[in-house]
Amino acid sequence: MNGAHDLGGMDGFGPVDPDPAQPVFKAAWERRVFAMTVATGFLGQWNIDKSRHARERMDPAEYLATSYYEHWLHGLETLLAETGILETAPAKPALKADQVEATLRKGATARLLDEVAPKFTPGQRVTVRNLNPTGHTRAPRYIRGRSGTIDRDHGVFVFPDTNAAGTGASPQHVYSVRFEARDVWGPEDTQGATVYIDLWDDYLEPA
Amino acid sequence: MPGDHGHDHSDVPSDLALRVKALESLLVEKGLVDPAALDVLIDTYETKVGPRNGAKVVARAWSDPAYKARLLSQAGKAIAEFGFTGRQGEDMIAVENTDTTHNMVVCTLCSCYPWPVLGLPPVWYKAAPYRARAVRDPRGVLKDFGVTLPKSTEIRVWDSTAELRYLVLPQRPAGTDGLSEDELANLVTRDSMIGTGLAKTPGQGGAP
């Protein structure tokens, strides 16, 4: 969706404040929101893409006017309401204190073992399809319609668009695609930069 | 309005704190979270897992060419040699800074960050100014961090849109021959592993 979360290339936010004294959590409630979000993720009622999409659906004006952990709070409340797990008992028990370390250490990879042929090969020129889905997507607006070069093939991963919609993992290759700054921002760009973006097969077409 | 003013003198409205407290009470009552598990989760990322992990990885890569080769070809496995594995670091990529290339990591869509090696992201990494400008004006962003690189240096910005997490391998500073891995790790800042800073030189003061 073309939401307020899709910030790449926007102007007007001012300089970055790299204040080294900034703590990871600015208030006690932020700690609890972080931990509740991580802990409830293990109930198996949603996945990371649904979770991201719940934050992205925040009213755009509100999203830009609120802090990071307010986005998380909004996302968690949305997921709880939509899954109805406050009314019906979840299939899995709550994460216990003595399970935390091993559970975090294990992680949950989005890499899949499915044998899927890649549609593109390193060195190939590709164009990002001009898709504007109203659901979740991980192709940022600033890169749609732009052309770049496949830098490397990361292998087969879950596809966020369908995973967030609850319609399956749609296993496919993810590539790091290299874009010249001028091909993204136009001939006036003077940065001498390149942007590498991880993109799935379904976002790309041959250039 | 003194009546609205709680004991918390931060800029956070107290109704937010109350809303979170109410939510936690409800989740505990419904058996969906164990408050003791929340405490462990918070403690893990506030005191145990942080950029000192990544600094050890970088210091070894500076000291041991074979390790550096492993890190750049199979970052996840190389980092796992230290036991730094798991959530938000399941699939890792390390990118190397050189005399001609400087790497910088951003997540324009949310806040993707390699937790096992760097901990939770700093506030600026998650906020709009960095997410908006890193891909468009990376030299300007670096300037905000006090870093100016030669015009000839190619800046590579990595927008972490997928479930790959990026660690920047900063350049080893000059004048560090003969330093031990522990001494080298002290020169590796968090920001140098995101790519918004450079590693410290010996004797240089504290930096994030």
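In which sense do S4(A) and strand S3 of chain B pair, and over how many bridges? They pair in the parallel sense, over five bridges. Two strands pair if DSSP finds at least two bridges between them. Strands, and helices too, are DSSP runs numbered from the N terminus: helices are H or I with at least four residues, strands are E with at least two.

A word on the model. It is predicted, so local features need pLDDT of at least 70 and side-chain atom pairs count only at pLDDT 80 or more, while totals for chains, interfaces and linings use all residues. Residues are numbered from 1 along each chain as its sequence is written, with chains lettered from A and ligands numbered from 1 in the order in which they are written.

Back to that pairing. S3(B) covers residues 154–159. There, B:Trp158 stands opposite A:Tyr196.

Now the whole sheet. It is open, has seven strands and mixed pairing, and runs S5(A)-S1(A)-S2(A)-S3(A)-S4(A)-S3(B)-S2(B). S5 (204–206) of chain A and S2 (101–106) of chain B stand at the edges. Each has a single partner strand, so one side of each lacks a neighbour in the sheet.

Inside chain A, S1 (residues 125–128) and S2(A) run antiparallel, joined by three bridges. A:Thr127 stands opposite A:Ser147 there.

Last, the contact between the chains. Chain A gives 64 residues and chain B gives 67. Contact means C-beta atoms, placed from the backbone, within 7 Å. On the chain A side, H1(A) brings the largest share, nine residues.

Definitions and conventions
Contact = placed C-beta atoms within 7 Å.
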